[in-house]
Amino acid sequence: MAINWFPGHMVKTRREIEENLKLVDAVIEIRDARIVRSSKNPQVDKIIKNKPRLVLLNKADIAESSVTRRWIRKLENDTTRVLEVNSLTGQGLNSIKPALTELLHEKLERSKNRGIVNYTMRVMVVGIPNVGKSSFINKMAKASIAKVGDRPGVTKNKQWIKTKDGIELLDTPGILWPKFEDEKTSLHLAFTGAIKDEIMDIETLALRLVERLSSHYGDRLVERYKIDSVSEDPLETLENIARKRGCIMSKGEIDYNRVAVMLLDEFRGNKLGNITLEWPEEEDEQDE
Ligand SMILES: Nc1nc2c(ncn2[C@@H]2O[C@H](COP(=O)(O)OP(=O)(O)OP(=O)(O)O)[C@@H](O)[C@H]2O)c(=O)[nH]1
Ligand SMILES: [Mg+2]
């Protein structure tokens, strides 16, 4: 599968993130609740190292909540807190301050002993493309509005957004390249729109989506497209969907392109209901 991520680009973004890391107390790593494994950057642990980390499973509103909760249990440890959030409505964002306070407990304690009562926690946001970094920052900003300008002592033209509960967020999120370690990961990133459809032709992509959904969410396809059942053969299912949706060309042939575009659109538009594509119980990856 040909995916173009220029090594030079990766080096540059990594360096930028490493520079910004020096300015913050903690990192908020945003992942997609539907693809928690695939939306983790393969090098994020190496880049963030031992900075206290708050992982947000974003888009929790369109994932299956029981699976999201299992992910939280799996990922939490001494230096990592995990929360499920919806950056569009702001649901879950109230828990961020308490979680950061817990993570930075020792640091806050030390500042208190030095007479600093209201320590401002500074945080940067990282995540793969389209995961919701901007939505998150905007939501946090709207809930507060104080946009702090350049601050003395730090690099010029870095904007900080001060939330009403006293967190300062770096307003430029760190965009991390996603991982393309295997085909499954790339497919999941493409299904959810994290990477462009160009990784393969759209008809194959839709076919692979049907295949993926057939194994756990076949009932959703049956219900939505009023097909009799899902077939062993995903192509047959896709063709049945096409017929039900009138994706037929003049000579009665299936319009594969139309049905593919329609299906991917509907999946991404959450028309098939809440769907999670990755489970914590699936085989572990060495970097998890
Ligand atoms: N349902 C749902 N959609 C979300 C959520 N957060 C973001 N989105 C949608 O996801 C898409 C991408 O959001 P952005 O905030 O632009 O993502 P980003 O990480 O800044 O993307 P890049 O800047 O391209 O890297 C948009 O269509 C958002 O409306 C969420 O919590 N729930
Ligand atoms: Mg953005």
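Reply: Start with helix 8 and helix 9. Their axes come within 9 Å and cross at roughly 50 degrees. That angle makes helix 8 oblique to helix 9. The label follows because angles under 35 degrees count as roughly parallel, while 65 to 115 count as roughly perpendicular. The crossing of helix 8 past helix 9 is left-handed. Keep in mind that this is a predicted model.

Which residues of helix 8 and helix 9 meet? From helix 8 come Ala 206, Leu 207, Val 210, Glu 211, Ser 214, Leu 221 and Tyr 225. From helix 9 come Pro 234, Leu 235, Thr 237, Leu 238, Ile 241 and Lys 244. Sort the residues of this contact by class and you get nine nonpolar, two polar and two charged.

Now stay on helix 8 and turn to another partner. Helix 8 covers residues 202-225, and helix 10 covers residues 256-268. These two pack at an angle of about 55 degrees, and their axes are 8 Å apart. Helix 8 and helix 10 are therefore oblique to each other. Their crossing is left-handed. On the helix 8 side, the contact is made by Ile 202, Glu 203, Leu 205, Ala 206 and Leu 209. On the helix 10 side, the list is Tyr 256, Asn 257, Val 259, Ala 260, Val 261, Leu 263, Leu 264 and Phe 267. By class, this contact holds 11 nonpolar residues, one polar and one charged. Look for Ala 206 in both contacts: it meets helix 9, and it also takes part in the contact with helix 10.

Next, follow the chain out of helix 8. Lys 226 sits in the loop between helix 8 and helix 9, which spans 234-244. Lys 226 is not a glycine, yet its phi is positive, about 55 degrees. Most residues other than glycine have a negative phi. Is Lys 226 buried or exposed? It counts as exposed, because it has 11 C-beta neighbours inside 10 Å, and 12 or fewer is the cut-off for that class.

Asn 130 is found in the loop between strand 4 (121-127) and helix 6. With 19 C-beta neighbours inside 10 Å, Asn 130 counts as partly exposed. A buried residue needs 20 or more. Helix 5 runs over residues 105-113, and it is hardly covered: among its nine residues, the count of buried ones is zero.

Helix 6, residues 133-142, gives the most to the shell around ligand 1, with three residues. The shell has 16 residues, and those that come nearest are Ser 87, Gly 132, Lys 133, Ser 134 and Ser 135. By class, the shell divides into five nonpolar, eight polar and three charged residues. Ser 134 lies in helix 6. It is partly exposed, with 15 other C-beta atoms within 10 Å. Ser 134 and Ser 87 are 47 residues apart in sequence, but their C-alpha atoms are 9.0 Å apart in space.

Two more residues show how the chain folds back. Ile 96 lies in helix 4 (residues 96-103). It counts as buried, with 23 C-beta neighbours inside 10 Å. Leaving aside neighbours within four places in sequence, Ile 96 is in contact with Leu 54 and Leu 83. Its C-alpha atom is 9.4 Å from that of Ile 167, which is 71 residues away along the chain. Glu 181 is found in the loop between strand 8 (174-175) and helix 7 (183-191). Glu 181 counts as exposed, with 12 C-beta neighbours inside 10 Å. Glu 181 and Ser 38 are 143 residues apart in sequence and 9.2 Å apart in space, C-alpha to C-alpha.

Last, step back to the whole chain. It has 10 helices and eight strands. Buried residues make up 36% of its 288 residues. Take the contacts between residues at least 6 apart in sequence: 66% of them join residues at least 24 apart.

Notes: Residues are numbered from 1 along each chain as its sequence is written. Chains are lettered from A and ligands numbered from 1 in the order in which they are written. This is a predicted model: local features need pLDDT of at least 70, side-chain atom pairs count only at pLDDT 80 or more; totals for chains, interfaces and linings use all residues. Axes are lines fitted to C-alpha atoms, for helices over the stretch in contact, and angles run from 0 to 180 degrees between N-to-C directions. Helices (H or I, at least four residues) and strands (E, at least two) are DSSP runs, numbered from the N terminus. Angles under 35 degrees count as roughly parallel, over 145 as roughly antiparallel, 65 to 115 as roughly perpendicular and the rest as oblique. A crossing is left-handed if the near helix is turned anticlockwise from the far one by less than a right angle, and right-handed if clockwise. Two residues are in contact if their C-beta atoms, placed from the backbone, lie within 7 Å. Ala, Val, Leu, Ile, Met, Phe, Trp, Tyr, Cys and Pro count as nonpolar, Asp, Glu, Lys and Arg as charged, and the others, Gly among them, as polar. A residue is near a molecule or strand if its C-beta atom, placed from the backbone, lies within 6 Å of it.
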